Amino acid sequence: MRLSEAILLGSSIIKAKGGAIFYPDGSGCALGMGLAANGYTCNPFAGDGDALHLWPWLKQATVLPCCPTLLSEDGTTDVMSAIVHLFDFHVSEERDWTIEELCQWLASIEPPEPELQRSQPSPAQMPDRSVLHELKVT
Ligand SMILES: [Zn+2]
C-alpha cells in the first residue's frame with residue numbers, strides 16, 4: 001500500500017495527535033496512521049525504523065512544500081521530516097493543511113508501488129482429488 005493511501009486509511013483508525021508515532025491512548029501522527037493501516041497496533045515503542053522498514057524512500061530528499069526555508073536554506077529535507085513537519089505543525093497546530101492535502105502532496109512525490117508478486121498455485125500444489133476421495137472413504 002502506498003504511504004499516502006495508508007495515512008488516509010489510518011486517519012480513520014487512530015486519533016490524530018502530532019509529536020510521536022503512537023501515544024499510549026491510541027492516537028498518533030501521520031506515520032502512525034500509515035503504520036496502523038498496515039496492521040501495526042498502537043505501540044508507544046514503534047519508531048521511525050518501523051516506517052522506514054515499510055517505506056525506505058522516506059529518507060530521500062524532497063522540498064518542503066509549505067515553508068521552503070524552514071528546515072534548510074535551499075528548502076530540501078527528507079520526506080520523513082517533511083511529513084512530520086506538515087502533520088505536527090500545519091495539520092495539527094495551524095490547521096492550514098488537512099490530512100487529505102498532506103496525502104495529496106505525498107502522492108505527488110512518493111514512488112509508485114512496486115508490482116506485487118501474485119503467486120498462482122501451480123497444478124502440482126492443487127490437492128489430488130482422487131487422494132481426497134480415498135481419505136473420505138476410509
Ligand atoms: Zn511548513
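Modeller: Helices (H or I) are DSSP runs of at least four residues and strands (E) of at least two, numbered from the N terminus. This is a predicted model, in which local features need pLDDT of at least 70 and side-chain atom pairs count only at pLDDT 80 or more, while totals for chains, interfaces and linings use all residues. Residues are numbered from 1 along each chain as its sequence is written.

Biologist: How many helices and strands does the protein have?
Modeller: Read along the sequence, the elements follow the pattern α-β-β-α-α-β-β-α-α-α. Counted by type, the protein has six helices and four strands.

Biologist: In which helix does Ile99 have its place, and which residues does Ile99 touch beyond four places away in sequence?
Modeller: Ile99 has its place in helix H5. Contact here requires C-beta atoms, placed from the backbone, within 7 Å of each other. When residues up to four places away in sequence are not counted, Ile99 of H5 touches Ile7, Ser11, Ala16 and Val91.

Biologist: How far apart are the C-alpha atoms of Ile99 and Ile7?
Modeller: Ile7 is among the residues that Ile99 touches, although the two are 92 residues apart along the chain. The separation of their C-alpha atoms is 8.2 Å.

Biologist: Is Ile99 buried, partly exposed or exposed?
Modeller: A residue is buried if 20 or more other C-beta atoms, placed from the backbone, lie within 10 Å of its own, exposed if 12 or fewer, and partly exposed in between. Ile99 has 18 C-beta neighbours inside 10 Å, and therefore counts as partly exposed.

Biologist: Which residues in helix H5 are buried, and within what arc do they fall?
Modeller: Helix H5 covers residues 99-109, and its buried residues are Leu102, Cys103 and Leu106. Seen down the axis of H5, these buried residues line one face of the helix, because the arc that holds them (taken from the directions from the helix axis to the C-beta atoms) is one of 95°.

Biologist: How are H1 and H5 oriented to each other, parallel or antiparallel?
Modeller: Leu3, Ser4, Ile7 and Leu8 in H1 meet Ile99, Glu100, Cys103, Leu106 and Ala107 in H5. The two helices pack at an angle of about 165°, with axes 8 Å apart; axes are lines fitted to C-alpha atoms over the stretch in contact, and angles run from 0 to 180 degrees between N-to-C directions. Angles under 35 degrees count as roughly parallel, 65 to 115 as roughly perpendicular, over 145 as roughly antiparallel and the rest as oblique. H1 and H5 are therefore roughly antiparallel.

Biologist: How far apart are the axes of H4 and H5?
Modeller: On this contact, Val79, Ile83, Leu86, Phe87 and Val91 in H4 meet Ile99, Leu102, Leu106 and Ile109 in H5. H4 and H5 are roughly antiparallel to each other. They pack at an angle of about 165°, and their axes are apart by 10 Å.

Biologist: How far apart in space are Trp105 and Pro65, C-alpha to C-alpha?
Modeller: Trp105 lies in helix H5 and, with 18 C-beta neighbours inside 10 Å, counts as partly exposed. Trp105 and Pro65 are 40 residues apart in sequence, whereas their C-alpha to C-alpha distance in space is 8.1 Å.

Biologist: What percentage of the 138 residues in the protein do buried residues make up?
Modeller: Among contacts in the protein with a separation of 6 or more, residues 24 or more positions apart account for 38%. As for burial, the buried share of the 138 residues is 24%.

How values were computed: Two residues are in contact if their C-beta atoms, placed from the backbone, lie within 7 Å.
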